[in-house]
Structures are given as C-alpha cells and as structure tokens.
Amino acid sequence: MTEERDGADGAEDAARGREDDADAARGSDGGGEDAGGLGARERDLLAVERRSWPGPGAKERAVRERLGLSPTRYYQLLNALLDDPRALAHDPVTVHRLRRVRDEKRAKR
C-alpha cells in the first residue's frame with residue numbers, strides 16, 4: 001500500500017470517527033437500539049464503566065481499542081449520557097454510581 005493511500009484511509013477513518021461521535025452525542029449510533037432507546041455505542045460506554053479495571057491505563061487502552069475514542073471524548077460522551085433517562089432505565093446501578101461520583105467531585109470544587 002502506498003503512503004498516499006494510507007493518508008487517505010486515515011482521513012476517511014477520522015471523518016468516520018467524527019460522524020460516530022456526533023451520532024453518539026445525539027443518542028444515535030446508526031445501529032440497533034435496545035428497548036430503552038439506547039444505541040450500541042451508548043450501551044458500550046456503560047459496559048466499560050460497569051466493569052472493574054486494574055488501573056487507569058487498562059481502562060484507557062480498552063476505550064481506545066474497543067470504542068475507538070480518546071479518553072477525553074469518552075468521558076465527554078459518558079458525562080452527557082449520565083443525564084439521559086434512557087441510560088438510567090438501561091443500567092440504573094451504574095448510572096446512579098457514576099452520578100454519585102460526579103456529584104462528589106463537583107462538591108469538592
């Protein structure tokens with residue numbers, strides 16, 4: 001494969017990633033939604049948070065590899081998702097835990 005083609009593939013991948021991020025922020029992933037209305041990307045975000053991680057490096061690596069997101073973008077999408085009633089209906093235990101942690105951090109500021 002030539003370098004020119006590699007550059008084109010990278011640009012296409014970046015554009016696709018921006019579209020996916022925009023879809024996730026709107027609450028749509030272009031794929032199937034569950035009965036609660038969450039798209040696959042949103043369910044994947046919650047699944048990452050549901051799991052226990054040995055350290056921050058492992059979680060960040062999983063976010064990049066499995067979701068194709070930077071950790072910063074991941075946390076932006078996750079924070080917006082915590083305020084979505086569909087997320088609460090889908091996984092109340094995880095959403096309540098994450099809201100509690102978020103509120104505690106805000107109170108410390």
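Okay, so before anything else: when I say helix, I mean a DSSP run of H or I that's at least four residues long, and a strand is a run of E of at least two. With that in hand, what we have here is a predicted model, and the protein has 6 helices and 0 strands. Going from the N terminus, the elements read α-α-α-α-α-α.

A bit of overall picture first. The protein has 109 residues, and 30% of them are buried. If you take contacts between residues at least 6 apart in sequence, 44% of those join residues at least 24 apart.

Now, let's look at one pair of helices, α4 and α6. They pack at about 105°, and their axes are 10 Å apart. An angle from 65 to 115 degrees counts as roughly perpendicular, so that's what α4 is to α6. Who's touching whom? On the α4 side you've got L78, N79 and L82, and on the α6 side V95, L98, R99, R102 and R106. Sorted by class, that contact has 4 nonpolar, 1 polar and 3 charged residues.

Okay, on to the largest pocket, which has a volume of about 310 Å³. It's lined by 13 residues, and the closest to the centre are Y75, L98, V101, R102 and K105. Our two helices come back here: α4, residues 71-82, and α6, residues 92-108, are the elements giving two or more residues to the lining. And which helix gives the largest share of that lining? That's α6, with 6 residues. As for the class of the lining residues, there are 5 nonpolar, 1 polar and 7 charged.

Technical notes: Residues are numbered from 1 along each chain as its sequence is written. This is a predicted model: local features need pLDDT of at least 70, side-chain atom pairs count only at pLDDT 80 or more; totals for chains, interfaces and linings use all residues. Side-chain values use heavy atoms; hydrogens and water are left out. On a 1 Å grid over the protein atoms alone, a cavity is a set of points where a 1.4 Å probe fits but cannot get out, and a pocket is an open set with protein on both sides within 12 Å along at least five of seven lines; lining residues have an atom within 4 Å of a point. Grid points are joined across faces, edges and corners, and a volume is the space filled by probe spheres set on the points. Ala, Val, Leu, Ile, Met, Phe, Trp, Tyr, Cys and Pro count as nonpolar, Asp, Glu, Lys and Arg as charged, and the others, Gly among them, as polar. Axes are lines fitted to C-alpha atoms, for helices over the stretch in contact, and angles run from 0 to 180 degrees between N-to-C directions. Angles under 35 degrees count as roughly parallel, over 145 as roughly antiparallel, 65 to 115 as roughly perpendicular and the rest as oblique. Contact means heavy atoms within 4.5 Å. Buried means under 20% relative accessible area, exposed over 50%, partly exposed in between (1.4 Å probe, protein chains only).
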